[in-house]
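Morning, everyone. Please look at the sequence and the model on the screen, and I will walk you through them.

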Amino acid sequence: MEDRYLTFALGKGRLAKHTMDLFEKIGISCQEMKDKTTRKLLFVNEEQKLRFFLAKGPDVPTYVEYGAADIGIVGRDTILEEARNIYEVLDLGFGKCRMCICGPQSAEAYLHHHELIRVATKYPRIAKDYFYNKKHQTVEIIKLNGSIELAPIVGLSEVICDIVETGYTLKENGLVVLEEVCPLSARMVVNQVSMKMEHERISKLINDLQAALQEEEP
Ligand code: PRP
């Protein structure tokens, strides 16, 4: 029997649901978490010495860096944006989408002629890295907190840097993907000290998850 709890921070929402479904396949479950009416924040599996908590996505890398959670499950977008000192150890394959530069078709020319344009985004670090380090284009980054597609429609910015999953939000608002920044999906991240101290348990977890993911592949 293990004597130390291994703590997981899960990004709230669809990601957490997917994660627990995947964990069940490798024999990890948390009965307490299945109660949809609970207001509890921390869930414990005493038998397996595991603890789980749900956090806002952007806070997951923070909990993991400080060691409040040994392991985190979070989107690659958040990992890139938060740039915390954590290990990214596994691509979980779900939550697949793309970080893209989008706008009206007419904005495409701005991206070819290195014009000084405004880029609205929830991801200023990713946008800055893309425009400054990859495209060598000087832009003004405007940080927003959601409904990013609004920005070019109402004239706040020429383009946006945002997540595209199905593409419906863009389509319904007359916008298109102009350039792709990078592919995204859910990732498992690990605290750097935990990786050493709990190496055996964490390695087994990674191996089991990898095997379960391979089985899922068609
Ligand atoms: C995300 C993203 C897009 C949308 C893309 O927003 O920012 O707006 O989903 O999905 P689609 O390509 O399937 O239409 P989210 O719903 O997370 O909310 P937000 O606008 O508050 O960021």
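One definition to start: buried means under 20% relative accessible area, exposed means over 50%, and partly exposed is in between, with a 1.4 Å probe and protein chains only. This is a predicted model: local features need pLDDT of at least 70, side-chain atom pairs count only at pLDDT 80 or more, and totals for chains, interfaces and linings use all residues. Residues are numbered from 1 along each chain as its sequence is written, and side-chain values use heavy atoms, with hydrogens and water left out.

Now the overall picture. Of the chain's 218 residues, 45% count as buried. The C-alpha atoms fill a box of roughly 60 × 35 × 35 Å along the principal axes. There are nine helices and eleven strands. Those are DSSP runs, numbered from the N terminus: helices are H or I with at least four residues, strands are E with at least two.

Next, contacts, meaning heavy atoms within 4.5 Å. Take those between residues at least 6 apart in sequence: 68% of them join residues at least 24 apart.

On to charge. Lys and Arg count as positive, Asp and Glu as negative; His and the chain ends are not counted. Each charge is placed at NZ of Lys, CZ of Arg, CG of Asp or CD of Glu. The chain has 28 positive and 33 negative side chains, and the centres of the two sets lie 3 Å apart.

Side chains of opposite charge can pair when their charged atoms come close. How many salt bridges does a search of the whole structure find? It finds 16. The cut-off is a side-chain nitrogen of Lys or Arg within 4 Å of a carboxyl oxygen of Asp or Glu.

Start with K17 and D21. Their closest N and O atoms are 2.9 Å apart. Both sit in helix α1, residues 14-25, and because they are four residues apart, about one helical turn separates them. K17 is exposed, at 52% relative accessible area. D21 is partly exposed, at 38%.

Then K40 and E32. This salt bridge has its closest N and O atoms 2.7 Å apart. K40 is partly exposed at 45%, and E32 is partly exposed at 31%.

Third, E65 and R84, 3.2 Å from N to O. E65 is partly exposed at 23%; R84 is partly exposed at 28%.

There is also a network of salt bridges, linking R4, D70, E198 and R201.

Last topic: aromatics. The structure holds four aromatic pairs. Rings of Phe, Tyr and Trp (its six-membered ring) pair if their centres lie within 6.5 Å; planes under 30 degrees apart are stacked, over 60 edge-to-face, the rest tilted. F53 and Y63 have ring centres 4.8 Å apart and planes at 70°, so that pair is edge-to-face. The pair links distant parts of the chain: F53 is in strand β3 (residues 50-55), Y63 is in helix α2 (residues 60-65), and they are ten residues apart. F53 is buried at 11%, whereas Y63 is partly exposed at 35%.

Y130 and F131 are edge-to-face too, 5.5 Å centre to centre with 80° between the planes. Buried or exposed, Y130 and F131? Both are buried. Finally, F8, F23 and F52 form one aromatic cluster.
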